[in-house]
Amino acid sequence: MEYYGITDQVFYDVYVSSETKFAEFEFGGYTYRCIQTDVSDGVVYPEYSGGIRVTEKERTVIDSIKDMDKIAGPEEVIENIRSFHSLNEEKMLRYLACLDNKFLYQKTGYIFSMLKDTVHCSDEFLQKCMEMSGKSTRYFLNDEKTGTYNAEWRLVVPETIFEMKNGVDENAII
């Protein structure tokens, strides 16, 4: 997300998606952490990037939803997704298929259904996510066991997840 210029915070933990596991290390004030994957699809070498590899924005979005408990947290991931006004749905579905995770389809479908007007996703995209999400009811966040039940997506979601920013409910009176 930092590569695409849409984060509004400085993070000193850098999560690296890699097919080869490596030990966490520090360099230049940043801690590099490995998130091992067996998916190489969506990795690109941007022109004028000095040889770095990044994932396409659609793969980055799907990876961020998958690992939101580990990385920036749900409010930051949702805010980052809001910043992308056009995403290629075919690419996102391809990455979802590579990862083949019913819960990931479920979370992705839920998020995009809630942001439908902002990110302009199609009904077909949401329908595919619904079809692939299975029949299980799950908690949206691993460590949050309270919230509101969304019957359409069969998810228990923190009540203020779309109003939160930086862990704080923006509508709360301070």
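In this predicted model, the buried residues of helix H3 pack against H1, H4 and H6. Four residues of H3 are buried, namely Glu89, Met92, Tyr95 and Leu96. Viewed down the axis of H3, these residues fall within an arc of 125 degrees, so they line one face of the helix.

The axes of H3, which spans residues 89-99, and H4, which spans residues 102-114, come within 10 Å and cross at roughly 155 degrees. Because angles over 145 degrees count as roughly antiparallel, H3 is described as roughly antiparallel to H4. On the H3 side, the meeting residues are Met92, Leu93, Leu96, Ala97 and Leu99, and on the H4 side they are Leu104, Tyr105, Thr108 and Phe112. By class, the contact of H3 with H4 contains eight nonpolar residues, one polar residue and no charged residue.

The pairing of H3 with H6 has its own geometry. Here the two axes come within 10 Å and cross at roughly 10 degrees. Since angles under 35 degrees count as roughly parallel, H3 is roughly parallel to H6. The contact brings Glu89, Met92, Leu93 and Leu96 of H3 together with Phe125, Lys128 and Cys129 of H6. Five of the residues in the contact of H3 with H6 are nonpolar, none is polar and two are charged.

Helix H6 itself has a buried side and a face turned away from it. Phe125, Leu126 and Cys129 are buried in H6, and they cover an arc of only 95 degrees around the axis, which puts them on the same side of the helix. The cover over these buried residues includes H3, H4 and H5. On the face turned away from the buried side, the exposed residues Glu124 and Glu131 are found. After H6 comes Gly134, with a positive phi near 80 degrees.

Leaving aside residues up to four places away in sequence, Ile111 touches Ile65, Met68, Ile81, Phe140 and Phe162.

Most residues other than glycine have a negative phi. Tyr48, however, has a positive phi of about 65 degrees although it is not a glycine. Tyr48 sits in the loop between strand E4 (43-44) and strand E5 (54-55). Is Tyr48 buried or exposed? With a relative accessible area of 79%, Tyr48 is exposed. His120, also not a glycine, has a positive phi of about 55 degrees. The loop that holds His120 runs between helix H5 (116-119) and helix H6 (123-132). At 58% relative accessibility, His120 counts as exposed, because the cut-off for exposed is over 50%.

Terms used: Residues numbered from 1 in each chain as written. Predicted model: local features only at pLDDT ≥ 70, side-chain atom pairs only at ≥ 80, totals over all residues. Heavy atoms only, no water. Helix = DSSP H or I, 4+ residues; strand = E, 2+ residues; numbered from the N terminus. Buried < 20%, exposed > 50% of the residue type's maximum accessible area, 1.4 Å probe, protein only. Axes fitted to C-alpha atoms, helices over the stretch in contact; angles between N-to-C directions. Parallel < 35°, antiparallel > 145°, perpendicular 65-115°, else oblique. Contact = heavy atoms within 4.5 Å. Nonpolar A, V, L, I, M, F, W, Y, C, P; charged D, E, K, R; others polar. Arc of directions from axis to C-beta.
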